[in-house]
Amino acid sequence: MAEQVQRQRIFSGIQPTGNLTLGNYIGALRNFNLLQDEYDCLYSIVDLHALTVRQDPTELRKACLRTMALFLASGLDPEKNIIYFQSQVSAHAELGWVLDNFTYMGEMSRMTQFKDKAAKHADNINCGLFTYPVLMASDILLYQTNLVPIGADQKQHLEICRDIAERFNAIYGDVFTIPEGYFPKVGARVMSLQEPTRKMSKSDPEDTYIAILDKPEIIRKKLRRAITDSENSVVYDPENKPGVANLMSIMSALTGRSMDDISNEYSGQGYGKFKDAVADSVIAALEPIQREYERISADKAYLQQVMDSGRERAGAIAHRTMLKVRKKLGIAPWKL
Ligand code: TRP
């Protein structure tokens, strides 16, 4: 029998804060389904990372479960993929501590996300916020990850992860796989509805994004208010008409229609009609996910089972890496 070839491993983390957006769906979640047959995929809900800013415990707990239910509702198969909570595999925090000792203050101070967040949360510039990228490196390195799907905002963090891994390997030999960024061929980058030169983000104000769970009338209202321009022509020109281009690419991503096709149908009809058509396509795409979400969130036994199995499968892989790390470092061995 032919030997099974080891598949490449993909790891991605998403914070359980705010509401997952249409951008998360089009740019990430939807594509995850295309990866599951070709790669070994882990998707972690990184609840430890969420602690770097103050959270309301009741809200955080809800957001954790909502995120898992949304992963499942978007079609991620929990048997083909490992879906789990970061905090439930204690090796993340352990390896995070270990790697802190291989990371320099200077490196962390240069992280642009740290500088941004420190400015935004000036009253709570804690050590967790500072070492956030080390915990992220642990997430990735624990699983001997080959590929990490990330947006441009996380490139610097992946770079530092590689630096830390190479530094560790240079001292102790080949312990960690050096990960690379994975930039999917398909999947448009969805921009803010109010500032279409910025990425749509769940941590921005409500009217700038569409949440996957937004009700149809809210979706329509937000899209009607989306910033466009004063030209009234539906033409794909991201440079000069970023607002219109964003709405067109949302529609194109969800319906499979080409920009030319969309442009031909809506040009010269005014933005009102076009925006309503975009809303129709968004509502139609999200409606089945919302229905599935309601069904799954009501099924506690199922969620519990997905959670338990994810924790176990992720934990087993992480444990193997930690055994290796322990041995190399010379901290107390697991077995004498
Ligand atoms: N920092 C990432 C973000 O905010 C989330 C994250 C945590 C992550 N750990 C990760 C992403 C590991 C990829 C791999 O988007």
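Trainee: Where is the place of Asn-232?

Mentor: Asn-232 sits in the loop between α9 (216-224) and α10 (242-255). Helices (H or I, at least four residues) and strands (E, at least two) are DSSP runs, numbered from the N terminus. Please keep in mind that this is a predicted model, in which local features need pLDDT of at least 70, side-chain atom pairs count only at pLDDT 80 or more, and totals for chains, interfaces and linings use all residues. Residues are numbered from 1 along each chain as its sequence is written, and side-chain values use heavy atoms, with hydrogens and water left out.

Trainee: Why does Asn-232 count as partly exposed?

Mentor: Buried means under 20% relative accessible area, exposed means over 50%, and partly exposed is in between (1.4 Å probe, protein chains only). Asn-232 has 38% relative accessibility, so Asn-232 counts as partly exposed.

Trainee: And Gln-144, is that residue buried or exposed?

Mentor: Gln-144 has a relative accessible area of 19% and is therefore buried. Gln-144 lies in the loop between α7 and β4 (147-149).

Trainee: What makes β2 largely enclosed by the rest of the structure?

Mentor: In strand β2 (residues 40-45), 5 of the 6 residues are buried, so β2 is largely enclosed by the rest of the structure. For β1, too, 5 of the 6 residues are buried, and therefore β1 is largely enclosed.

Trainee: How do you know that β1 and β2 pair?

Mentor: Two strands pair if DSSP finds at least two bridges between them. β1 and β2 have 6 bridges, in the parallel sense. Arg-9 has Asp-40 in β2 as its bridge partner, while Ile-10 stands opposite Cys-41 in β2. From β1 the chain crosses through helix α1 (residues 22-35) to β2, in a right-handed β-α-β crossover. Right-handed means that, with the strands pointing away from the viewer, the path from the first strand over the helix to the second runs clockwise.

Trainee: Over how many bridges do β2 and β3 pair?

Mentor: β2 and strand β3 (residues 81-85) pair over 5 bridges, again in the parallel sense. Ser-44 stands opposite Tyr-84 in β3.

Trainee: Let's turn to the ligand. Which residues surround the ligand?

Mentor: Phe-11, Gly-13, Val-46 and His-49 are among them. A residue is near a molecule if one of its heavy atoms lies within 4 Å of it. The helix α7 gives the most to this shell, with 4 residues.
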